[in-house]
Amino acid sequence: MIYAGIDIGSSTAKAALIKKNRLLGTHVIPSGYNPLTAGITVFDALLEKVAVSKTDIAAIVSTGYGRASVKFADKAMTEIICHGTGAHFMNPDIRGIIDVGGQDSKAILLDKSGQVENFAMNDKCAAGTGRFIEVMANALEVSLDQMGDFSLKADKPSKISSICTVFAESEVISMIAGLQKRENIIAGIHESAAARVAILAFKINIKEPVMMTGGVAKNKGMVAALEKRLGFELIVEDFAQVNGAIGAAVLASRL
Amino acid sequence: MSDKSSDPKKINCAKKMRDIMTTYYLDAMTAEQNNKQVAWITSGGPVEPLVAMDIIPIYPENHGAMIGASKMGEDLCIKAENMGYSSDLCSYARTDISCSVVKGGPIGGLPKPDMLICCNNICGTVLKWYEVQARYYNVPLFILDTPICHTRYSPEVAKYVRAQIDEYIVFLEKITKRKFDYDKMALVGKLAYESQVLWQKVLNTTAHKPSPMSAFDAFFFLALIVTLRGTQTAVDFYKDLLAEMKQRIKDGISMVPNEKHRLLWDNLPIWYRLKWLSNKFSDHNACLVADTYTSAWCGAIKYTDKNNFLDSIAEAYTRIYLNIGVDQMANQVLDMIKFYDVNGFIMHSNRSCKPYSFGQMDIMRIVREKTDIPVLMIEADMVDPRNFSQSQVETRIDAFMEIIKQRSH
């Protein structure tokens with residue numbers, strides 16, 4: 001039996017397949033305009049990649065902001081439970097998760113059996129989300145993938161005082177005008193976002209070991225800034241971005 | 001997603017209440033023609049002396065709830081902001097202030113007041129809000145100052161508040177140019193007491209599993225205990241409502257058809273999203289069985305002496321839910337969690353209501369320490385929909401319900 005998980009986030013759509021408690025494969029594409037189309041596309045592409053037929057799929061769970069749009073899924077579940085389940089499936093020791101996605105950031109506390117004990121999410125504000133970093137990358141004419149490398153070369157991170165993304169962007173623009181080093185500005189951006197995310201972790205008294213998931217986990221600068229703020233190391237795996245889809249596939253196997 | 005639940009059996013008393021409320025507002029609208037006076041009063045203010053003096057009490061906060069429920073809040077809030085009021089100001093205050101000027105809202109504005117009665121047991125905002133209205137309408141304002149009772153009701157506070165009750169009566173005698181009728185006051189006091197006892201009994205019926213009504217119904221049926229407390233109408237109505245609830249229990253009728261999970265709600269309702277929220281919880285087979293808000297209108301009965309009403313209301317009005325210490329509030333929440341046997345607690349962090357939202361983080365921590373039920377906080381506003389983000393609230397509620405379902409397995 002093969003089970004599928006489809007995670008439609010605000011920036012990317014992810015799919016994962018599992019078979020007999022083993023990860024078969026994953027795939028990521030940009031979400032684009034239509035969440036249902038994104039769901040179909042990412043699912044079909046993954047099936048082709050791992051050479052599995054649609055008829056072999058026993059159940060599908062969808063998650064993420066577009067979860068309700070994935071009409072062909074058997075059930076829609078939230079990112080919180082999917083990230084919790086995914087992390088526990090990949091590493092049963094994990095007790096805490098910090099998931100920073102495009103639109104949402106969240107901290108999740110798991111009990112020993114992998115069940116969600118508590119969670120906290122960002123409020124109605126983009127600060128501390130992937131979107132915040134994306135807006136800043138645009139202002140700095142740096143690609144999102146380069147943000148991490150740039151910030152690791154900073155000698156003195158700039159101080160971003162505005163919490164609001166819109167105001168922080170104009171602050172960054174005046175820093176650019178003031179000829180501050182791009183590396184330092186980027187490091188400052190990461191520190192500002194990390195401070196927002198860390199609040200969520202402290203709010204739920206997160207327990208170690210903590211895994212970082214979501215697309216932003218690929219950003220080394222953000223991970224470093226978060227670790228500095230939290231005072232402990234984060235576990236970042238290759239599957240960080242698709243962790244929610246993996247969790248959805250695991251939950252599909254339990255339907 | 002889960003199947004849409006079948007329509008629950010409606011509560012018959014709802015129509016009766018709508019009729020009573022319509023009559024009440026019509027009476028108030030035509031007060032001047034009938035040589036009656038109108039007093040605007042805060043929701044937590046002592047209304048009984050007004051009823052005893054045959055003055056029609058009008059509640060801007062009840063009106064605010066109506067504005068919110070009819071989704072007219074955003075427009076009126078913007079109008080107040082255009083007048084110069086901050087968007088951080090309570091949305092009841094903003095809509096009331098702008099509605100007075102533009103005569104908008106679902107009933108075209110409230111009848112002009114002859115006097116204003118402001119009791120600060122619910123918040124500090126009402127002081128400035130009522131001062132603004134006293135200037136706008138050029139009418140006298142009476143302020144009843146009830147110090148916060150963090151731990152106890154001290155003899156000094158008792159003396160201070162009791163003296164103001166006498167001043168209140170002198171104020172009413174002066175405005176109406178009539179003598180205060182203490183005999184009628186005793187009768188009104190008994191009716192007020194009786195209606196509060198009945199309201200508590202109505203709320204208690206939801207301890208039954210499955211619950212015959214939900215907090216969403218309580219938010220609606222609350223209107224009478226707020227506006228017509230101290231009248232025979234309110235007593236008769238709640239007798240009927242209680243009887244209907246008892247009958248529903250007998251007949252096995254529940255508000256949520258497949259009630260599996262029972263939840264407690266904290267803070268004011270999100271008036272413009274009642275239906276959406278109610279359906280959301282029903283879809284999860286969850287019933288909001290109780291809330292800390294509607295019980296605030298009977299929470300201080302224990303301090304009320306129906307045979308010595310005037311003396312006892314000083315204490316009863318001072319020791320209401322929003323005017324006590326956070327530890328005491330948390331104790332009430334813990335009692336409710338136990339009494340209604342709920343398996344989840346949802347806190348509405350209400351941008352408008354500062355005194356209600358201020359201690360919530362502490363109450364959340366206390367509930368987590370003393371019970372094993374999950375607690376969720378959602379951020380919104382009671383009337384201003386610009387502070388509500390549907391997809392974010394939806395994800396939080398869905399995730400919260402997933403946790404509850406996981407635990408009940």
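The model is a predicted one, in which local features need pLDDT of at least 70 and side-chain atom pairs count only at pLDDT 80 or more, while totals for chains, interfaces and linings use all residues. Residues are numbered from 1 along each chain as its sequence is written, and chains are lettered from A and ligands numbered from 1 in the order in which they are written.

**Chain B as a whole**

Select chain B, which holds 16 helices and eight strands; helices (H or I, at least four residues) and strands (E, at least two) are DSSP runs, numbered from the N terminus. The C-alpha trace of chain B spans about 65 × 50 × 40 Å along its principal axes. Of its 409 residues, 49% are buried, where buried means that 20 or more other C-beta atoms lie within 10 Å of the residue's own, exposed means 12 or fewer, and partly exposed is in between, with C-beta atoms placed from the backbone.

**Helix H1 of chain B**

Next select residues 13-29 of chain B, the 17 residues of helix H1, which at 1.5 Å a residue should span 24 Å, and whose end C-alpha atoms are 24 Å apart, in agreement; the expected span is 1.5 Å times one less than the number of residues. Which residues of H1(B) are buried? They are Cys13(B), Ile20(B) and Tyr24(B). These cover an arc of only 40° around the axis, which puts them on the same side of H1(B); the arc is that of the directions from the helix axis to the C-beta atoms. Turned away from that buried side is a face with the exposed residues Lys15(B), Arg18(B), Asp19(B), Thr22(B) and Leu26(B).

**Strand S1 of chain A**

Move to residues 2-8 of chain A, strand S1, where six of the seven residues are buried. S1(A) pairs with strand S4 (residues 57-63) of chain A in the parallel sense over six bridges, and two strands are said to pair if DSSP finds at least two bridges between them. Within S4(A), Val61(A) is the bridge partner of Gly5(A). Strand S2 (residues 12-19) of chain A runs antiparallel to S1(A) and is joined to it by seven bridges, with Tyr3(A) opposite Ile18(A); the hairpin from S1(A) to S2(A) passes through three residues.

Strand S6 (residues 96-100) of chain A pairs with S9(A) in the parallel sense over four bridges, and Asp99(A) stands opposite Thr213(A).

In the loop between helix H6 (182-203) and S9 of chain A, select Pro209(A), whose peptide bond from Glu208(A) is cis, with omega near -5°. Asn205(A) lies in the loop between H6 and S9 of chain A and has a positive phi near 50° although it is not glycine. Most residues other than glycine have a negative phi, and most peptide bonds are trans.
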